[in-house]
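Reader: I have a model to go through and would like each term set against its cut-off. Please take the terms one at a time.

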Amino acid sequence: MARRRGAAAAVAAAASSPALVAAVSVMALGYYSTVFVFLDHWLGLGTTAGAAHAAAFSLVVAACFFSFLCAAAADPGSVPTAFSPDAEDPQGLKSRYCDKCSMYKPARTHHCKVCKRCVLKMDHHCVWINNCVGYANYKPFIICVLNATIGSLYSSVIFVCDLLRTEHDYGILYVKIIHEKWNNLNLWKSFLAFGTHRI
Ligand SMILES: [Zn+2]
Ligand SMILES: [Zn+2]
């Protein structure tokens, strides 16, 4: 069970990390545009299919956000205070001593320069959660990455389905911009094809 860093410490850490705020903002923007712009435009949120997609996508985003919070707020893995190195291995003693924390550390424990502490089974320091990924928060981190991948693919499918609609509402700004760009691209393609034929 992952130990929490404490609500106050987690909020303070979040406020001091622009990358973490950016990650939450991207999640919120992705959710809003997928459900309230693309999906609403494609199927309509009032329809059964639209409501079902909205519920499924909301579930994925909620799971992603919850695991994100768990990974960010958890203590990634503290070295137990009672830890003492194996006295029968004098060769390994020096290499497993952290000068900065002034203590011995178990195998696969590394000192994080950002967190300024030793972390058990440290994988890396993730700027997006403003925390190390280690022994105690590896699971929620992987769940968060998996949910973010599923959510991104789901969002892309909804976006493409919306774009491939035959009837478009050109009063919506993003539809207008994308179709103008698409038409311009087709114009250039026709121009280039015409030039090639003449040669
Ligand atoms: Zn250390
Ligand atoms: Zn760290």
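Author: What follows takes the helices and their packing by question and answer. This is a predicted model, in which local features need pLDDT of at least 70, side-chain atom pairs count only at pLDDT 80 or more, and totals for chains, interfaces and linings use all residues. Residues are numbered from 1 along each chain as its sequence is written, while chains are lettered from A and ligands numbered from 1 in the order in which they are written.

Reader: What makes up the protein chain, in helices and strands?

Author: There are 6 helices and 6 strands, where helices (H or I, at least four residues) and strands (E, at least two) are DSSP runs, numbered from the N terminus. The order is α-α-α-α-β-β-β-β-β-β-α-α.

Reader: Why are H3 and H5 called roughly antiparallel?

Author: Their packing angle is about 150 degrees, with the axes 8 Å apart. Axes are lines fitted to C-alpha atoms, for helices over the stretch in contact, and angles run from 0 to 180 degrees between N-to-C directions. Angles under 35 degrees count as roughly parallel, over 145 as roughly antiparallel, 65 to 115 as roughly perpendicular and the rest as oblique. H3 and H5 are therefore roughly antiparallel.

Reader: What makes up the contact of H3 with H5, by class?

Author: Residues are in contact if their C-beta atoms, placed from the backbone, lie within 7 Å. Among those that meet are Phe 57 and Val 61 in H3 and Phe 141 and Ile 150 in H5. The contact has 16 nonpolar, 4 polar and no charged residues; Ala, Val, Leu, Ile, Met, Phe, Trp, Tyr, Cys and Pro count as nonpolar, Asp, Glu, Lys and Arg as charged, and the others, Gly among them, as polar.

Reader: Which residues of H5 are buried, and what covers them?

Author: Buried needs 20 or more other C-beta atoms within 10 Å; 12 or fewer is exposed, and in between is partly exposed. In H5, Cys 144, Ala 148 and Asp 162 are among the buried residues. Their cover includes helix H2 (18-42), H3 and strand E6 (131-133).

Key. Two residues are in contact if their C-beta atoms, placed from the backbone, lie within 7 Å.
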